[in-house]
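Here is a short briefing for a first look at a protein chain. Please view the sequence and the structure before reading on.

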Amino acid sequence: MIKIKYAIVIIILLLIAVFLYYQDNKLDVTRYRIQSEDIKDKVKILHLSDMHSKPFKKVLAQAQKIKPDLIMIIGDYVNDRNRNKDKMLEFGRELTKISRVYYITGNHERRLENFEELMQELKGVGFNVLRDEMDSIEVKGSKINILGLDENQASRQAYADRKKGIFEYKDESALINELSRKDGFKIILSHFPENFEMIKEMNYVCYDFDLQLSGHAHGGQFILPLIGSVYSPGQGLFPKYAKGSFGTRPKLIISRGIGNAEFPFRLFNHPEIIVINLTRKLN
């Protein structure tokens, strides 16, 4: 009888392990379409975020299948322990064989002692690293302006000061105003989705641009039926900006991310990559 009980317990534990593995490794592909008069021919963007040192082969396979015109990596590519750095650099090399890659910093990279060294290594594999910088390129006849923000919300002290209400946000207004004056389609890469309109000092939604891509919230880590997303750093319990899209123009699209950080697993919240099709708006 005791052996039967042990067997049942082992089976239950194995089932839980399989379930959690599935939750962490079943890759979802979410698609959006945005119409704009500034787009001449379809431009396909692959939006990746929060890989957290996970060289996920499924992501690479999907990227090769999707064949995007641009790849955007919205921070936390490597976690704050620098785990799997060499594997992530090799993963990055493979991504650059598929398409032009743009990358911005997240809170995890910013905590690294070898931060500057990592930035040079990412440039070395072919990433276009944007740290409060802008690039204007032509893709299939369309001018696309990309502003990558290097916001100062990364440190643990920053989180503590934000809770106390004494944190001073970096003023990004000059850069965003410069972007607003550009001709063509305008994109902001910001790791922190709450900066779209939740944080009054930032409030990017008030500016003239087309699209903001963000991550950071991990979809709320757990997504519970009838409740939704559970928690996000910077937003707290039941965060509004954890996944999905908000607004029209400007529009915010948030990735649920790919890897894990402090929480070891996801619940009803599979890793996600996002495909955004920019198409011509017909009058």
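Predicted model: local features only at pLDDT ≥ 70, side-chain atom pairs only at ≥ 80, totals over all residues.

Residues are numbered from 1 along each chain as its sequence is written, and side-chain values use heavy atoms, with hydrogens and water left out.

**Whole chain**
- The chain has seven helices and 16 strands (DSSP runs: helices are H or I, at least four residues; strands are E, at least two; numbered from the N terminus).
- Its C-alpha trace spans about 75 × 45 × 40 Å along the principal axes.
- Of its 283 residues, 53% count as buried (under 20% relative accessible area; exposed is over 50%, partly exposed in between; 1.4 Å probe, protein chains only).

**Helices α2 and α3**
- The axes of α2 (residues 57-66) and α3 (residues 85-98) come within 10 Å and cross at roughly 10° (lines fitted to C-alpha atoms over the stretch in contact; angles run from 0 to 180 degrees between N-to-C directions).
- V59, L60, A63 and Q64 in α2 meet F91, E94, L95 and I98 in α3 (contact means heavy atoms within 4.5 Å).

**Helix α6**
- In α6 (residues 156-164), the buried residues are A158, Y159, D161 and R162.
- They fall within an arc of 165° seen down the axis, so they line one face of α6 (the arc uses directions from the helix axis to the C-beta atoms).
- R156, K163 and K164 are exposed on the face turned away from the buried side.
- The buried residues of α6 pack against α4 (107-110).
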